[in-house]
Amino acid sequence: MMGVSAGYPQSYDAFNDRASFEYKTSFIPRKCYNTGRWIWGLAMRGRRVIMGPGDDIIEDRWYHRHEAVIMML
């Protein structure tokens, strides 16, 4: 799933309220969830764990380190 395209304000996303965010080093190339830019190296990872009656679901979203600063404001 792709994030909000560049140039438009990000609307409410329940993921941001329920996820834990931390800076991680990405050793494999990943795409920024908001912009689609390729990430290599230091980036912000958001992880949300959905627990239910079956197996737990882990959802990760990666953000470019500059986009993460803007998102936290």
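Guide: Let us begin with a term: a residue is called buried when its relative accessible area is under 20%, exposed when it is over 50%, and partly exposed in between, using a 1.4 Å probe and protein chains only. The model is a predicted one, in which local features need pLDDT of at least 70 and side-chain atom pairs count only at pLDDT 80 or more, while totals for chains, interfaces and linings use all residues. Residues are numbered from 1 along each chain as its sequence is written, and side-chain values use heavy atoms, with hydrogens and water left out.

Visitor: OK, so is R61 buried or exposed?
Guide: R61 counts as buried, since its relative accessibility is 6%.

Visitor: And which residue does R61 form a salt bridge with?
Guide: Its partner is E59, and the closest N and O atoms of the two are 3.4 Å apart; a salt bridge here is a side-chain nitrogen of Lys or Arg within 4 Å of a carboxyl oxygen of Asp or Glu. E59 itself is partly exposed, with a relative accessible area of 23%.

Visitor: How many salt bridges does that rule give?
Guide: The count comes to four salt bridges. One of them joins R45 and E22, whose closest N and O atoms are 2.8 Å apart.

Visitor: Where do R45 and E22 sit?
Guide: R45 lies in strand β2 (residues 38-50) and E22 in strand β1 (residues 20-31), so the pair ties together parts that are 23 residues apart in sequence. Strands (E, at least two residues) and helices (H or I, at least four) are DSSP runs, numbered from the N terminus. R45 is buried at 13% relative accessible area, whereas E22 is partly exposed at 37%.

Visitor: What about D60, what does it meet?
Guide: The side chain of D60 meets that of R47 in a salt bridge, at 2.8 Å from N to O. This pair links distant parts of the chain, with R47 in strand β2 and D60 in strand β3 (residues 57-64), 13 residues apart. Both are partly exposed, R47 with a relative accessible area of 29% and D60 with 33%.

Visitor: Changing topic, where does R18 lie?
Guide: R18 lies in helix α1, which covers residues 14-18, and R18 is exposed, with a relative accessible area of 52%.

Visitor: How far apart are R18 and V49?
Guide: In sequence R18 and V49 are 31 residues apart, and in space they are 8.5 Å apart, taken from C-alpha to C-alpha.
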